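Me: I've got a fold open on my screen and I'd like to learn how to read it. Can you walk me through it?

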Amino acid sequence: MGLFRIKHNEFEQAFSMERFDTEHVNEWISVDRLQEQAWIDRYEYESYLVNHVISNNPNTKNILEIGSGPGILSQKILAHYPDLNYHLIDKPFAKKYFEEHQYKGTFFVKDLSNSFDKEGLLPKYDLVIMNDFLEHVYNPHAILKAVYELTDSNSNFFISNPNWRMAHQYVYRGLFDFDNFIYLLYTHHFQLDGFYGSQLKTPHYPKISSESLLPDENLTDWNHYMVFKHREV
Ligand SMILES: C[S@@+](CC[C@H](N)C(=O)[O-])C[C@H]1O[C@@H](n2cnc3c(N)ncnc32)[C@H](O)[C@@H]1O
């Protein structure tokens, strides 16, 4: 019986952690990307999707955005719905930008890499938003459990799932394949209501076995923006 070995430099190539940022406290110390047109357009599109969810659920009053970054999306949503009570959670430099720009809303600094401390938050939110966040933390279970506790059957959970084809950073890579992600949410008592595609496209790679639910026309969407409902158990 032979022992198969993988050369060290092959690990280095396959598992580059240069962009693996969940433990970086200095994230958002550089905010240059926020000026790029592609980012401006992306936030515009995402706010349009969230506004669509809110318009379908006119009783939406309290919103929690987890891993919000400095709050660009929140300000676009608040421009459309100024009476919302909007809470945001991210790291210290994101809050610094938020405060310097005198953004509306209430910003909480929390480290969510391993756990979710609910201190200061409301007991329930009508809408929870997670835009490109869950794949960055070590303990997605702790986050999803907390979101379940912070929502009820009238709430919506808007969560983006990055397509692996755009070579994003992940702690748990296969977990975010289309079917596996819906299954992960299902095991945490969330039912998929539907999803939106993306205006940005990835390179084309063929469908893999853990994408049986993914419509062909959405294969190269940069993100799948999913809306989940709280499933009573
Ligand atoms: C890819 S960015 C997305 C930011 C924002 N939602 C957006 O769409 O531009 C991931 C966000 O998660 C935050 N984040 C990553 N790890 C975190 C942690 N352990 N605790 C709190 N926030 C974290 C980062 O600071 C960053 O703002």
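Me: Which pattern does the protein follow, read along the sequence?

Reply: Before that, a word on the source: this is a predicted model, where local features need pLDDT of at least 70, side-chain atom pairs count only at pLDDT 80 or more, and totals for chains, interfaces and linings use all residues. Residues are numbered from 1 along each chain as its sequence is written. Helices (H or I, at least four residues) and strands (E, at least two) are DSSP runs, numbered from the N terminus. Here the pattern goes α-α-β-α-β-α-β-β-α-β-α-β-β, which comes to 6 helices and 7 strands.

Me: What share of the residues counts as buried?

Reply: First the cut-offs: a residue is buried if 20 or more other C-beta atoms lie within 10 Å of its own, exposed if 12 or fewer, and partly exposed in between, with C-beta atoms placed from the backbone. By that count, 33% of the 233 residues are buried.

Me: In what order do the strands of the sheet come?

Reply: The general idea is that strands of a sheet pair through backbone hydrogen bonds, either parallel or antiparallel. In practice, two strands pair if DSSP finds at least two bridges between them. In this model an open sheet of 7 strands has the order β3-β2-β1-β4-β5-β7-β6, and its pairing is mixed. At the edges you'll find β3 and β6, each with a single partner strand, so one side of each is left without a neighbour in the sheet. From one strand to the next, the twist averages 20 degrees; axes are lines fitted to C-alpha atoms, for helices over the stretch in contact, and angles run from 0 to 180 degrees between N-to-C directions.

Me: What does α6 touch when it packs on the sheet?

Reply: Contact has a cut-off too: two residues are in contact if their C-beta atoms, placed from the backbone, lie within 7 Å. Helix α6 touches β5 (156-162), β6 and β7 (223-230), and its direction makes about 140 degrees with that of β6.

Me: Is β2 largely enclosed or left open?

Reply: Strand β2 (residues 85-90) has 5 of its 6 residues buried, so it is largely enclosed by the rest of the structure. On one flank, 5 bridges join β2 to β1 (residues 62-66) in parallel, with I66 partnered by I89. Another 4 bridges join β2 to β3 (residues 106-109), again parallel. There L88 has F107 as its bridge partner, and I89 has F108.

Me: Which residues of α3 are buried?

Reply: They are I72, L73, S74 and I77. Their cover includes α2 (37-56), β1 and β2.

Me: How many residues of β7 are buried?

Reply: The count is 6 of the 8, so β7 is largely enclosed by the rest of the structure. Its pairing is antiparallel with β5, through 7 bridges, and S160 stands opposite Y225. Strand β6 is joined to β7 by 6 bridges, also antiparallel, and G194 stands opposite V227.

Me: Where is Q102, with its positive phi?

Reply: Q102 lies in the loop between α4 and β3. Its phi is about 50 degrees, although Q102 is not a glycine. With 6 other C-beta atoms within 10 Å, Q102 is exposed. H189 also has a positive phi, near 70 degrees, without being glycine. You'll find H189 in the loop between α6 (178-187) and β6 (190-196), and with 17 other C-beta atoms within 10 Å H189 is partly exposed.
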